[in-house]
Amino acid sequence: MARIRLGMVGGGNDAFIGGVHRIASRIDDRFELVAGALSSTPEKSAESAKALGIERSYGDFDEMALAEAAREDGIEAVSIVTPNHVHAAAAKAFLAQGIHVICDKPLTSTMQDAADLEKAVADSKALFVLTHNYTGYPMIRQARDMVASGELGTVRLVQAEYPQDWLTSPMENEGVKQAEWRTDPARSGAGGSIGDIGTHAHNLACFMSGLRVESLAADLHSFGAGRTLDDNAHMMLRFAGGARGMLWSSQVAPGNENALKIRIYGEKGGLEWSQEDPNYLWFTPHGAPKRLLTRNGAGATEASQAVSRIPGGHPEGYLEGFATLYNEAADAIRAVQGGADRTTAMGVLPGIAEGMEGMRFITACVSSSANDAAWTVL
């Protein structure tokens, strides 16, 4: 089957996340990057396009959306890998032209932009995929399967944490571009650590458990001098159905590089997973010894095997997680092009609904913390 013609907005040749998306889109050989509006100026965009071997460069995403839609060989999908405040406008430009959108998380920077984007998705025939990449890990799919099949019984507790240490010093004042925009409310939105990494922990806790957070009590704090947005957050969670949970996100915890962890406990057993050791899932049936389940090993479920590319014992992780979403997005795009229903084609891919849940999560966290950690409904 022919590769899907892909464009990219943002992600110039010196941008970390742009490189990640480009690699991920090619791992399963489903996409070919042919066009881009890769930077904030036409000159920088053209320089990046030349360096990356991209044949068509545009000055901005509006120009790109119109021009590509008019071409017989125009892009079929676009990756949006800009800072958060650009997501909504860029996505709407391509959705209006019927071009499928693959967008980095969180959804956008404000609830108004999110609502406008939600309407644009509803009005378009194109797909909207949000790259919550950790949902693509094989052992996450295994855990989701096990919870759904009842191996844990009724879920009682969900514990999520995502600590990092990279903002312990004021990186935003030292010329680090990633820190500059992530600590700027105008570009990042109302959430600091909660928007950048807390949304990942929230999304994954819900994806694995099959539950939805109904309300939360959050304490957000900024330890960085002069820093407006939170760099540390603690919260309690109440899930639909009665389960309880806690979530911690931090970017000022020395010794933690990317320590995303999820624990789920039910009446019959518990599961533990760590992103820094992603090929393993610990399962403990109540009253029995702890069991180590391995990626593509004995006891692997069909859903986890479907997104596992190599034999057990060979590590897969971050890039492959993104690649799984790109591969499934390619399947969804071809299915819709063949006449399939959008909802059916999306399968378990995160989309606009998960994006809106993430935005409600951020908004509730900020509101709760401003009201002395009062319980706040999402």
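Just after helix α13, Asp372 adopts a positive phi of about 60°. The model is predicted, with local features reported at pLDDT of at least 70, side-chain atom pairs counted only at pLDDT 80 or more, and totals for chains, interfaces and linings taken over all residues. Residues are numbered from 1 along each chain as its sequence is written, and side-chain values use heavy atoms, with hydrogens and water left out.

Helix α13 covers residues 352-370 (helices are DSSP runs of H or I of at least four residues, strands are runs of E of at least two, and both are numbered from the N terminus). From first to last C-alpha, its 19 residues reach 27 Å, close to the 27 Å expected at 1.5 Å a residue (the expected span being 1.5 Å times one less than the number of residues). Buried positions in α13 include Ile352, Met356, Met359, Phe361 and Cys365 (buried, under 20% relative accessible area; exposed, over 50%; partly exposed, in between; 1.4 Å probe, protein chains only).

Leu378 lies in the segment after β15. Its relative accessibility is 15%, so Leu378 counts as buried. Leu378 and Arg360 are separated by 18 residues in sequence, with their C-alpha atoms 5.5 Å apart. Residues up to four places away in sequence aside, the contacts of Leu378 include Glu357, Arg360, Phe361 and Ala364, as well as His202 and Arg212 (contact, heavy atoms within 4.5 Å).

An open sheet of nine strands has the order β14-β13-β12-β11-β7-β10-β9-β8-β15, with mixed pairing (two strands pair if DSSP finds at least two bridges between them). β14 (291-294) and β15 (376-377) stand at the edges with a single partner strand each, so one side of each has no neighbour in the sheet. Strands β9 (residues 232-239) and β10 (residues 244-250) run antiparallel and are joined by seven bridges. Arg238 stands opposite Arg244 in β10.

Grid points are joined across faces, edges and corners, and a volume is the space filled by probe spheres set on the points.

The largest pocket has a volume of about 840 Å³. It is lined by 39 residues, of which Gly10, Gly11, Leu38, Pro83 and Lys177 are the closest to its centre. The largest share of this lining, five residues, comes from α7. The lining of the largest pocket comprises 12 nonpolar, 16 polar and 11 charged residues (Ala, Val, Leu, Ile, Met, Phe, Trp, Tyr, Cys and Pro count as nonpolar, Asp, Glu, Lys and Arg as charged, and the others, Gly among them, as polar).

The second largest pocket has a volume of about 380 Å³. Phe16, Gln164, Arg182, Asp196 and Tyr318 are the closest to its centre among 18 lining residues. Helix α9 provides the largest share of this lining, three residues.

Two cavities of 30 Å³ or more are present. The largest cavity has a volume of about 50 Å³, and its lining includes Arg182, Asp196, Arg227 and Asp230. The second largest cavity, of about 30 Å³, takes the largest share of its lining, four residues, from α13.

Technical notes. On a 1 Å grid over the protein atoms alone, a cavity is a set of points where a 1.4 Å probe fits but cannot get out, and a pocket is an open set with protein on both sides within 12 Å along at least five of seven lines; lining residues have an atom within 4 Å of a point.
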